[in-house]
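Let's walk through this model together, one part at a time. Keep the sequence and the 3D view side by side as you read.

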Amino acid sequence: MSAQQPQSPLAAWRKPYQGMLRLWLYDLGSVSFLGTSLLGLVLGLALLISGKTDVVSLVFAMSTVSAAASIAWQLNRLVATETSQLIPGYQANVLQQALTIAVAIISLQVLACVIFSAYDVIAQLWLAVAVGLGFVWLCLWRSHYFHLSFALFIAVPFLDELASRLSLWASLIIVAMLFYRVVGLCRQLRWNSDARVVYLNAVQMGWMWLPSIKGVAWVGKFERLFHPMNFFIGPVLTMMMLALPVIAIGLMLFSWLFDFNLAAMFLIAQLSVISCAIIHWSRIQRWRATETLFLLPCYSGLNGMKDAFFYSQYRFIAAMVFIVAGIGLLQFFFEPQFSLLFLVHLGLSTFWGCAIMLGTGAASRNSHQATAAMLVVLLHSIVVSMSFAALRDGDSITPWLLLDIPLTVVGVLALMWGKRQLWKHGITAP
C-alpha cells in the first residue's frame, strides 16, 4: 500500500487553476468576450494615464460586461457537457476560475480609478457589474437567454445617465443581491440539454438571436443587395439593419416622453460597426461553406467572388451610412443642438468605422484575430463619444471633421487590403 505524497501549499493553491489558459483562451466563445474585456481594460488604463477620463467609464463598463459574457459562456458550456459532472472537482475549479477573473478585472478597474482620482467612474462601474451579474443570473436560470448577449453592449451607453440618478449604495445593494442569486444557482448546476443547442447556435450566429423574416418578398430583394457578404450570416444581418431604425425611433420617443437623456444616435452608430464585426466572425465560424458559395453559378473564378464580396461590402457601408444619416436627420428636427455639421461627422465616422472593421475582419483567419479586430469598435466608440461630449459642451465640431478625413482614407485602404487577404490561401482555409 502506497501512501499519498502530501501536497505543498503552492501546489494546493495552483491546483484549481490548472488548465485555465486552455479553457478560457482556446475556446471560441470565451476568448471573444474575454479578449474584448482585456482590450477594454488596457485601453481604459491608457486613457487614465494620458488624462483623458471622459470615456474611461464607457470603456471600463464595456470591459466589465464583456467579462460577464465570457463567464456566462463558460457556465453555459459547463452545464452543456455531461462529462463535467463525472470529473471530481471540475465544476468547482471552473467556478473558482470565473470568480478569480471577475474579481481581478473589477479590482484593477477600481484601483486604477482610485489611483488617478477618477471617483466618478466607480459609480458607473458598479452599475456595469450589476448588469453583468444580472446577465449571468439570467443565463443560469434559462440557457437561451445567452442569445441576448448583444443587449449588454446596448446597455453600456445608458449607464452614465442611470448612474447620475442612482446612488452608489443602491448600486452596491443591487450587486450584492444579484451575487447572492448567482451563487445560489451555481451551487445547483446540473446537465442541461438546451445548453448545447445554445452553444451551436451562438457560435454560428455570432451570439445574436433575431426573429425569422422568411417569406417576406421585399426583404428577399433587400438581402440580395448584400450578397455574397451576407452568405455566412444569413438573414440575421438584414434583421439587424431593419431593427436599427426601429430601435432608434423607439429610444427617441422614450426620451421625449419621459425626459430621459438616451444616447440613441451613439447607440446606432456603435451597432453599425458591431454588425460589421459579426459579419466576418460568422464567415470564420462557417468557413467550410466557402466551397458552396464558390460553386454558385455567378462568379468568374475566385477573383470574381472576391470582387463581388468587396463591392457588396461597399453597398452595406452605404446602407449603414444612409440609415445613420436618416435617423440623425430625424433627430435634427427635434433637437436644435444636433447640427447638420455634426450629422456630416456622424456619417463619415460610420463610414470609416465600418470600412476599417470590414477590412480588418476580411484579413482575419481565426477567432483570435477576429477578437483583436474588435479593437476597432472601441476606437470608434471613443471617437464618437468624445465628439458627442464636444457637441454637448458647445465646442466646435471642425476638429472631429478634420479627424474623419484621414480615417476615411484609412478605411478605404483597409477595405482594399482586406480584399487582397480574403481567401488568400484559397477556399479551403478561412
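How far apart are the end C-alpha atoms of helix H13 (residues 264-285), and what span should its 22 residues have at 1.5 Å a residue? The end atoms are 31 Å apart, which agrees with the 32 Å that helix H13 should span. The expected span used here is 1.5 Å times one less than the number of residues in the helix. Helices in this text (H or I, at least four residues) and strands (E, at least two) are DSSP runs, numbered from the N terminus. Helix H13 is also largely enclosed by the rest of the structure, because 22 of its 22 residues are buried. Buried means under 20% relative accessible area, exposed means over 50%, and partly exposed lies in between (1.4 Å probe, protein chains only).

Before going further, a word on what you are looking at. This is a predicted model, in which local features need pLDDT of at least 70 and side-chain atom pairs count only at pLDDT 80 or more, while totals for chains, interfaces and linings use all residues. Residues are numbered from 1 along each chain as its sequence is written, and side-chain values use heavy atoms, with hydrogens and water left out.

Now step back to the whole chain. It has 19 helices and zero strands, and buried residues make up 50% of its 430 residues. Contact means heavy atoms within 4.5 Å. Of the contacts in the chain with a separation of 6 or more, 80% are between residues 24 or more positions apart. As for confidence, pLDDT is the predictor's own confidence in each residue, from 0 to 100. The chain has a mean pLDDT of 77, with 81% of its residues reaching 70 or more.

Let's turn to H19. Its 24 residues reach 35 Å from the first C-alpha to the last, close to the 34 Å expected at 1.5 Å a residue. The buried residues of H19 include Trp400, Leu401, Asp404, Leu407 and Thr408. Threonine 408, in this helix (residues 398-421), counts as buried because its relative accessibility is 18%. Leaving aside its neighbours within four places in sequence, threonine 408 is in contact with Leu348, Phe351 and Trp352. Just after H19, tryptophan 423 takes a positive phi of about 50°.

Helix H16 (residues 340-363) holds threonine 350. This threonine 350 is buried, with a relative accessible area of 0%. Beyond neighbours within four places in sequence, the contacts of threonine 350 are Ala269, Ser272, Met320, Val321, Val324 and His380.

Next, find helix H3 (residues 28-50), the place of alanine 46. Glycine 40 also has its place in helix H3, and it is buried, with a relative accessible area of 1%. Not counting residues up to four places away in sequence, glycine 40 touches Val59, Phe60, Ser63 and Leu378. Its C-alpha atom is separated by 8.3 Å from that of leucine 375, 335 residues apart along the chain. Leucine 39, in helix H3 too, is partly exposed at 27%. From C-alpha to C-alpha, leucine 39 and leucine 378 are 8.7 Å apart in space and 339 residues apart in sequence. Alanine 46 counts as partly exposed, at 40% relative accessibility.

Finally, where is empty space left? Rolling a probe the size of a water molecule over the atoms shows this. On a 1 Å grid over the protein atoms alone, a pocket is an open set of points where a 1.4 Å probe fits, with protein on both sides within 12 Å along at least five of seven lines; lining residues have an atom within 4 Å of a point. The second largest pocket is lined by 25 residues, of which Ala98, Leu99, Ala102, Leu133 and Phe179 lie nearest its centre. H5 gives the most to this lining, with nine residues. Helix H4 (56-80), helix H6 (119-141) and helix H9 (168-186) are among the helices that each supply at least two.
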